[in-house]
Amino acid sequence: MEDLTDVYNEIIMEHSMNSYNKKKLENADYTEIGHNPNCGDEITLELKLNGDIIEDMAFTGHGCAISQASTSIMIDTLKGKTIDEAKKIVKTFIEMIKRETTDEEQLKILEDAIAFKNVSNMPARVKCALLAWHTIEGILDGK
Ligand code: ZN
């Protein structure tokens with residue numbers, strides 16, 4: 001059986017190397033910039049809504065593999081979700097990284113983003129993993 005950690009690492013590597021979510025959106029409704037000075041990670045998130053559904057999302061920017069992969073996987077996870085679903089997923093991800101939620105059943109809504117679970121053991125990487133998720137909070141909070 002393949003080690004689950006290897007699968008997670010593969011998911012993170014795949015998204016950090018060549019993300020199809022890294023592009024400009026044609027008609028973004030919201031743009032939010034995220035910055036992690038500890039590591040030098042910088043992202044610009046763009047989001048397009050259709051009613052209360054996240055119709056499309058993309059990002060540009062640069063930074064370490066964790067920050068870039070986390071942004072890309074977050075986009076995959078939140079696309080097509082309602083604002084309320086997205087808020088719940090974002091909250092759960094942040095709680096997973098801070099080890100406030102460890103229940104596997106609750107973490108299932110994170111889909112592939114669960115790959116970042118082990119980052120909670122790497123304090124130096126926590127801000128990298130959370131950058132995109134805190135940035136999207138800035139857009140969703142007023143909704
Ligand atoms: Zn970083």
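The model is predicted, so local features are taken at pLDDT of at least 70 and side-chain atom pairs at pLDDT 80 or more, while totals for chains, interfaces and linings use all residues. Residues are numbered from 1 along each chain as its sequence is written, and side-chain values use heavy atoms, with hydrogens and water left out.

Helices (H or I, at least four residues) and strands (E, at least two) are DSSP runs, numbered from the N terminus. Asp 41 is buried, at a relative accessible area of 0%, and Cys 128 also counts as buried at 0%. Buried means under 20% relative accessible area, exposed over 50%, and partly exposed in between (1.4 Å probe, protein chains only).

Next comes the sheet that holds β2. It is open, with 3 strands in the order β1-β2-β3 and antiparallel pairing; strands pair if DSSP finds at least two bridges between them. The edges are β1 (30-36) and β3 (53-62), each pairing on one side only. On average, neighbouring strands are turned by 20° against each other, direction ignored. Axes are lines fitted to C-alpha atoms, for helices over the stretch in contact, and angles run from 0 to 180 degrees between N-to-C directions.

β1 and β2 are joined by 7 bridges, and Ile 33 stands opposite Thr 44 in β2. The two strands form a hairpin with 4 residues between them, where Gly 40 in the turn has a positive phi of about 90°. Between β2 and β3 there are 9 bridges. Here Glu 42 stands opposite His 62, and Glu 46 has Ala 58 as its bridge partner. This hairpin has 2 residues between its strands, and Gly 51 in the turn has a positive phi of about 65°.

Helix α2 (residues 65-78) lies across β2 and β3, running at about 170° to β3. Thr 77 lies in α2 and counts as buried at 1% relative accessibility. Leaving aside residues up to four places away in sequence, Thr 77 touches Ile 89, Ile 109, Leu 110, Glu 111 and Ala 113, where contact means heavy atoms within 4.5 Å.

Then there is the helix pair. The axes of α3 (residues 83-97) and α5 come within 10 Å and cross at roughly 155°. That makes α3 roughly antiparallel to α5; angles under 35 degrees count as roughly parallel, over 145 as roughly antiparallel, 65 to 115 as roughly perpendicular and the rest as oblique. Residues of α3 that meet α5 include Ile 83, Val 90, Phe 93 and Ile 97. On the α5 side, Val 126, Leu 130, Trp 133 and Leu 140 are among them.
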